[in-house]
Amino acid sequence: MKDRIAIVTGASRGIGRGICLELASRGATVVACARSEGPLAELAAEAKTRELSGTIDPRVFDVSQREAVEPLIEDVSGKYERVDILVNNAGITRDGLMMSMNDDQFDDVLTTNLRSVFWLTRAVSRLMVRQRFGRIVNVGSVSGEFGNAGQANYAASKAAVSGFTKSIAKEFGKRKITCNVVAPGFIETDMTSGLPEELKAGAKKMIPLARFGQVEEVAKAVAFLASDDAGYITGQVLVIDGGLNT
């Protein structure tokens, strides 16, 4: 992965942050995109402190802003002359029971979790087609594969990401571009740390491995799918949930 150019969205915390550090540790130059400048600066500083073989190039970027997509890709491709890896990780939740969910709750989630994947993939794929190489990894969720009460909007967006990924895998295969999904379950992040202890204990009882996953475990799976070693894997959904939905 040395000298590969990667773009990762939702990079400032949680799984996205872990993906950036993992790719950089393998020698990639990672354009880390997120809305908050402070956490991005901390991420870049950590990469330097750890003396990773790759680098972090922080960019303040909101995936929900359609007009910001093309300028970002033009800037990155102008600076590095290529984009080898795209990881669409940014996502939000606006949980609530479907009967009481308003249009904004539904639309905001679809824009951030699905439309942004389309916008960024479309922009980056033009470069990858010319290069005749690319790795696209979209971060889905077990909610998108199996559904989850109170998350009709989120589950719909993530299920759509899986369908989108399988479709473009068929479109781009002849250009040596692979497209896959990782679908995490319960992972130890800031989001899950705020869950009530009784809920977390109940969830762990349903997971055969009896624990929540670690960010690094998801990041390593993404790094594998983005590597040359995964050149014959495309159109797949890799569920990382400790066996929860086995």
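**Helix packing and aromatic pairs in a predicted model**

Helix H3 (residues 69–80) packs against H4 at an angle of about 30°, and their axes are 10 Å apart. The model is predicted.

Student: Are H3 and H4 roughly parallel or roughly antiparallel to each other?

Tutor: The angle between H3 and H4 is about 30°. Angles under 35 degrees count as roughly parallel. H3 and H4 are therefore roughly parallel.

Student: Is the crossing of H3 and H4 left-handed or right-handed?

Tutor: In this contact, residues of H3 including Val-69, Leu-72 and Ile-73 meet residues of H4, among them Trp-119, Leu-120 and Ala-123. The crossing of these two helices, H3 and H4, is right-handed.

Student: How far apart are the axes of H4 and H6?

Tutor: H4 and H6 pack at an angle of about 15°. That makes H4 roughly parallel to H6, and their crossing is right-handed. H4 contributes Phe-118 among its contact residues, and H6 contributes Phe-164 among its own. The axes of H4 and H6 are separated by 8 Å.

Student: Why is the pair of Phe-118 and Phe-164 edge-to-face?

Tutor: The ring centres of Phe-118 and Phe-164 are 6.5 Å apart, with the planes at 90°. Planes over 60 degrees apart count as edge-to-face. The angle that makes this pair edge-to-face is therefore 90°.

Student: How many residues apart are Phe-118 and Phe-164?

Tutor: Phe-118 is in helix H4 (residues 103–131), while Phe-164 is in helix H6 (residues 152–172). The pair links distant parts of the chain, and the two are apart by 46 residues.

Student: What does Phe-118 count as, by its relative accessibility?

Tutor: The relative accessibility of Phe-118 is 36%. Buried means under 20% and exposed over 50%, with partly exposed in between. Phe-118 therefore counts as partly exposed.

Student: Are the rings of Phe-186 and Phe-212 stacked or edge-to-face?

Tutor: Their centres lie 5.0 Å apart, and the planes are at 15°. Planes under 30 degrees apart count as stacked. The pair of Phe-186 and Phe-212 is therefore stacked.

Student: Where does Phe-212 lie?

Tutor: Phe-186 lies in the loop between strand E6 (177–184) and helix H7 (190–193). The pair ties together parts that are 26 residues apart in sequence. Phe-212 lies in the loop between helix H8 (197–206) and helix H9 (215–225).

Student: Is Phe-212 buried or exposed?

Tutor: Phe-186 is partly exposed, at a relative accessible area of 25%. Phe-212 has 2% relative accessibility, and the cut-off for buried is under 20%. Phe-212 therefore counts as buried.

Student: Which residue lies over the face of Phe-212?

Tutor: Elsewhere, Arg-4 lies over the face of Phe-133, at 4.1 Å from the ring centre. For Phe-212, the distance from the ring centre is 5.2 Å, and the residue is Lys-204.

Student: What is the phi of Lys-176?

Tutor: Lys-176 is in the loop between H6 and E6, and at 55% relative accessibility Lys-176 counts as exposed. Lys-176 is not a glycine, although its phi is positive, at about 65°.

Conventions
Residues numbered from 1 in each chain as written. Predicted model: local features only at pLDDT ≥ 70, side-chain atom pairs only at ≥ 80, totals over all residues. Heavy atoms only, no water. Phe/Tyr/Trp six-rings, centres within 6.5 Å; stacked < 30°, edge-to-face > 60°. Helix = DSSP H or I, 4+ residues; strand = E, 2+ residues; numbered from the N terminus. Buried < 20%, exposed > 50% of the residue type's maximum accessible area, 1.4 Å probe, protein only. Lys NZ or Arg CZ within 6 Å of the ring centre and 35° of its normal. Axes fitted to C-alpha atoms, helices over the stretch in contact; angles between N-to-C directions. Parallel < 35°, antiparallel > 145°, perpendicular 65-115°, else oblique. Left-handed = near helix turned anticlockwise from the far one by under 90°. Contact = heavy atoms within 4.5 Å.
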